[in-house]
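Please keep the sequence and the model in view while reading.

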Amino acid sequence: MKELVVLSGKGGTGKTSIVGSLAVLARNKVLADCDVDAADLHLLLEPVIQQKHEFWSGQIAAIDEEKCTQCGLCQELCHFEAIEDFRVDPISCEGCGFCYHICPDEAITMKENLSGHWFISGTKYGSLVHARLGIAQENSGKLVALVRQQAKMIAEKQGATYIISDGPPGIGCPVISSLSGANLALLVTEPTLSGMHDLERVLGVCRHFGVTALVCINKYDINEDNTHQIESYCLSQGVEVTSKIPFDNVVTEAMVQGLPVVEHSDNSVSRQINLLWQNVAKLLAKS
Amino acid sequence: MIISIASGKGGTGKTLVATSLALSLKDEHRVQLLDCDVEEPNDHIFLKPVITHSEAVCIQIPKVNEKKCTYCGKCAEVCAYHAIAVPGEHVLTFPQLCHGCGACSYLCPEKAISEEGRKIGVVEQGYSDGVEFVHGKLTIGEAMATPVIRQVKEYANPDGVIIIDVSPGTSCPVVESIKDSDFCLLVTEPTPFGLSDLVLAVETVRELNIPFGVVLNRAGVGDNKVEEYCQGENIPILLTIPLDTEIARLYSKGVTLAEGMPQWKERFVGLFGEIREMVDERTRSLKR
């Protein structure tokens, strides 16, 4: 079983549209949406939810006003400035429990926190594990780890050949959680200066965690000078540019219809994504 | 006044709006642009600031003096993140897991633990053509963005207009960036993904009780559902930017709308005027 994670650094480069199409093209796979705080893959795959689970993670401090003598020690010691006027700001609280341990009046309790939900769904392309982090919640990295772990268990049970994960933007906690231990990272970039800058950083993260990366340049014809620059940069870094996908409004048209673009019609984008999958499948087989 | 620029979905045009707004307001106001997308900061590409000051962002992690340590295990017991362990007569620390809460060092009965800084990023400050610029950069391989964001926000100068560029999503880095804002602009695009993530972003700003409005970018690309949603929810669409190959081309080269198409400056000034009215109205209603 081989796990592919699709990342980009910069948001909005086309990760989810590409993963939606890979869901159609790859045989015998399990899908995972690791973008748990702004998940969109379900909008292309029409999932039917089979299991819904609560995601309890971390704790939040609560002060019992009757026991509190307003000594102020918790406020003074909290490293996250989460206590003000003897009240805990649940959004700033990191759940470390320092205040709970030091309160001389034992007025502080730590409460378990419902941080979101995760789902196992059926789609016509195979099983999908996805999640929804609660609004303004922490621990997205842990929820991503849970989504991947569940996808792996299902893949083992089904004897699946691939796990294909749609990753979050950025380079921080949920990205690291999506990436570590995957067999291959597909980095989707676009020929803009922002896209190029962010590609370099996410490639650095792949290297840091020892995951082989290959690059796909989406909307490559928006600025062909920049596309050439990305190609020479990748060459200098020994990273393969596996495909170049043209800009075409058909991607949005397909999205509006709730379809992966390769299911929408035969078009230049679909053909490039087909080639992309052939290349990725070969590399996954070798990894 | 603090205006944060957020979106839910990535790539909708936050950076374009933040930088163009900053440059459109600088002639009339003292403007500060804080790029709080510390995982992938891009504002510097557009503003090309001259950096005049740089400082490390460190979190305090435990340093154990094994001469004093009696291996009692108190530190491991109080650590909520499993960042310190005492297996037998050893103390192991896992700096990547440490959130820097300080509980272990304070609660060690032998006072064997001190705190030392571990660098996880950098904050840089500079100037670009009349705009004061600050951004943070999370070090590659580091997971925790919020301490870097917190340090960027320490530079906020309440005397002027502060524009905060926010990372995509709705989780802790976004909340850390937008809390304390007077207003939040949510940038979206008229597509199913844009709408789905806008709904999440709206829930987030409502949870934080921050007044907000929408900027609709790439208008004309998808469908009308974002407009219908905004109408139904009584959310004002304060600015519409059309799908336009010239704008896309400028963006790809790192050029703001305020510079590349100066006619947009006036629209951003108008946008600021509407925001200010909404903020003033809210201040008045809170006083009542």
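How many residues of chain A are in contact with residues of chain B, and how many of chain B with chain A? In this model, which is predicted, 51 residues of chain A are in contact with 53 residues of chain B. On the side of chain A that touches chain B, the helices α4 (98-102), α5 (140-158), α6 (173-179), α7 (193-208) and α9 (250-256) of chain A each supply at least two residues, and α7(A) gives the most, with eight residues. Sorted by class, that side of chain A has 21 nonpolar, 23 polar and seven charged residues.

Chain B has 288 residues, of which buried residues make up 51%, and its secondary structure comprises 11 helices and 11 strands. Taken along the principal axes, the C-alpha atoms of chain B fill a box of roughly 70 × 45 × 40 Å. Among the contacts in chain B that link residues at least 6 apart in sequence, 75% join residues at least 24 apart.

Nonpolar side chains in soluble globular proteins tend to be buried together. Here the largest nonpolar core has 175 residues, and the residues with the most contacts inside this core are Val147(A), Leu187(A), Ile163(B) and Leu186(B). For Ile163(B), once its neighbours within four places in sequence are left aside, the contacts are Ile3(B), Ile5(B), Ala18(B), Leu21(B), Ala22(B), Val31(B) and Leu33(B).

| Helix pair | Residues | Angle | Axis separation |
|---|---|---|---|
| α1(A) and α11(A) | 15-25 and 268-286 | about 70° | 10 Å |
| α1(B) and α11(B) | 14-25 and 263-287 | roughly 90° | within 9 Å |

Helices α1(A) and α11(A) pack at an angle of about 70°, which makes α1(A) roughly perpendicular to α11(A), and their crossing is right-handed. The residues that meet in this pair are Ile18(A), Ser21(A), Leu22(A) and Leu25(A) from α1(A), and Ile273(A), Asn274(A) and Trp277(A) from α11(A); by class, the contact has five nonpolar, two polar and no charged residues.

In chain B the axes of α1(B) and α11(B) cross at roughly 90°, and the two helices are therefore roughly perpendicular to each other. Here Ser20(B), Leu21(B), Ser24(B) and Leu25(B) of α1(B) meet Trp264(B), Lys265(B), Phe268(B), Val269(B), Leu271(B) and Phe272(B) of α11(B), and these residues divide into seven nonpolar, two polar and one charged. Leu21(B), named in this contact, is also one of the residues in contact with Ile163(B).

Two residues of chain B deserve a note on backbone geometry. Most residues other than glycine have a negative phi. Arg218(B), although not a glycine, has a positive phi of about 55°, and Asn234(B), likewise a residue other than glycine, has a positive phi near 60°.

Asn234(B), which lies in the loop between α8 (225-233) and β11 (237-242) of chain B, has 6 C-beta neighbours inside 10 Å and so counts as exposed, for which the cut-off is 12 or fewer.

Definitions and conventions. Residues are numbered from 1 along each chain as its sequence is written. Chains are lettered from A and ligands numbered from 1 in the order in which they are written. This is a predicted model: local features need pLDDT of at least 70, side-chain atom pairs count only at pLDDT 80 or more; totals for chains, interfaces and linings use all residues. Axes are lines fitted to C-alpha atoms, for helices over the stretch in contact, and angles run from 0 to 180 degrees between N-to-C directions. Helices (H or I, at least four residues) and strands (E, at least two) are DSSP runs, numbered from the N terminus. Angles under 35 degrees count as roughly parallel, over 145 as roughly antiparallel, 65 to 115 as roughly perpendicular and the rest as oblique. A crossing is left-handed if the near helix is turned anticlockwise from the far one by less than a right angle, and right-handed if clockwise. Two residues are in contact if their C-beta atoms, placed from the backbone, lie within 7 Å. Ala, Val, Leu, Ile, Met, Phe, Trp, Tyr, Cys and Pro count as nonpolar, Asp, Glu, Lys and Arg as charged, and the others, Gly among them, as polar. A nonpolar core is a set of buried Ala, Val, Leu, Ile, Met, Phe, Trp, Tyr and Cys residues joined through C-beta atoms within 7 Å. A residue is buried if 20 or more other C-beta atoms lie within 10 Å of its own, exposed if 12 or fewer, and partly exposed in between; C-beta atoms are placed from the backbone.
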